[in-house]
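I opened a new notebook page for this structure. My plan is to look up a few residues and write down what I find.

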Amino acid sequence: MVPTDFKNLVRRFYVLQAERVEAYKLFEEGHEAYLRTGPHYDFEHYKQLVHEITKAFCGISKEVLKIKEQLHQDFDRPDLSEHIEKLQIKEKEKLELTAKLQLAKQNAQDHPEDEDFQEKVHEIKQETIKNTAALSEILQDFKYDSEEPE
């Protein structure tokens, strides 16, 4: 359910972002547990986790997109709508990086003698740091602009 007044809409957006952060945390913890099952990985449990996390991310994204529309249409705040658009793009990149990192970590664990796999993990971690910084900047801009009097 999407709220109808501006302040509650913004609050709901922050709640959804917190849910996204929690989902990433669960995803990471689940992947670490999966790696501990190696070398004969418990793929079925991991596949179920990926399914549940994907469902959570889809639900969050759908609601965030509704908020984006409402901010633009109902409250005439294309500035905030634009921040959410940028955020969604960066969140998609973050999810892609997370998947790449998880695969790279498994490859590095399976081939400890091959430094290329370790280097790949390092490269993806650096990309993830840049992505997180960009997400933080967008959220900061959203916070600043949403607190401005109209």
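I began with Phe 6 and asked: buried or exposed? Phe 6 has 15% relative accessibility, so it counts as buried, the cut-off being under 20%. I note here that the model is predicted.

Next I searched the whole structure for aromatic pairs and got eight. One of them joins Phe 6 and Phe 75. The pair is edge-to-face, with 5.6 Å centre to centre and 65 degrees between the planes. Where do the two partners lie? Phe 6 is in helix 1, and Phe 75 is in the loop between helix 2 and helix 3. They are 69 residues apart, so the pair links distant parts of the chain. I checked Phe 75 too: at 18% relative accessibility it counts as buried.

I moved on to Asp 76, in that loop between helix 2 and helix 3 (78-110). Asp 76 is exposed, at 61% relative accessible area. Its phi is near 50 degrees, a positive value in a residue other than glycine.

Then I looked at the loop between helix 1 (6-36) and helix 2, where Pro 39 sits. The peptide bond from Gly 38 to Pro 39 is cis, with omega near 5 degrees.

I noted one aromatic cluster, formed by Tyr 34, Tyr 41, Phe 43 and Tyr 46. Lys 47 lies in helix 2 (residues 43-73). Lys 47 is partly exposed, at 44%.

My last entry is Lys 94, whose charged end sits over the ring of Tyr 24, 4.1 Å from the ring centre.

Conventions
Residues are numbered from 1 along each chain as its sequence is written. This is a predicted model: local features need pLDDT of at least 70, side-chain atom pairs count only at pLDDT 80 or more; totals for chains, interfaces and linings use all residues. Side-chain values use heavy atoms; hydrogens and water are left out. Helices (H or I, at least four residues) and strands (E, at least two) are DSSP runs, numbered from the N terminus. Buried means under 20% relative accessible area, exposed over 50%, partly exposed in between (1.4 Å probe, protein chains only). Rings of Phe, Tyr and Trp (its six-membered ring) pair if their centres lie within 6.5 Å; planes under 30 degrees apart count as stacked, over 60 as edge-to-face and the rest as tilted. A charge sits over a ring if NZ of Lys or CZ of Arg is within 6 Å of the ring centre and within 35 degrees of the ring normal.
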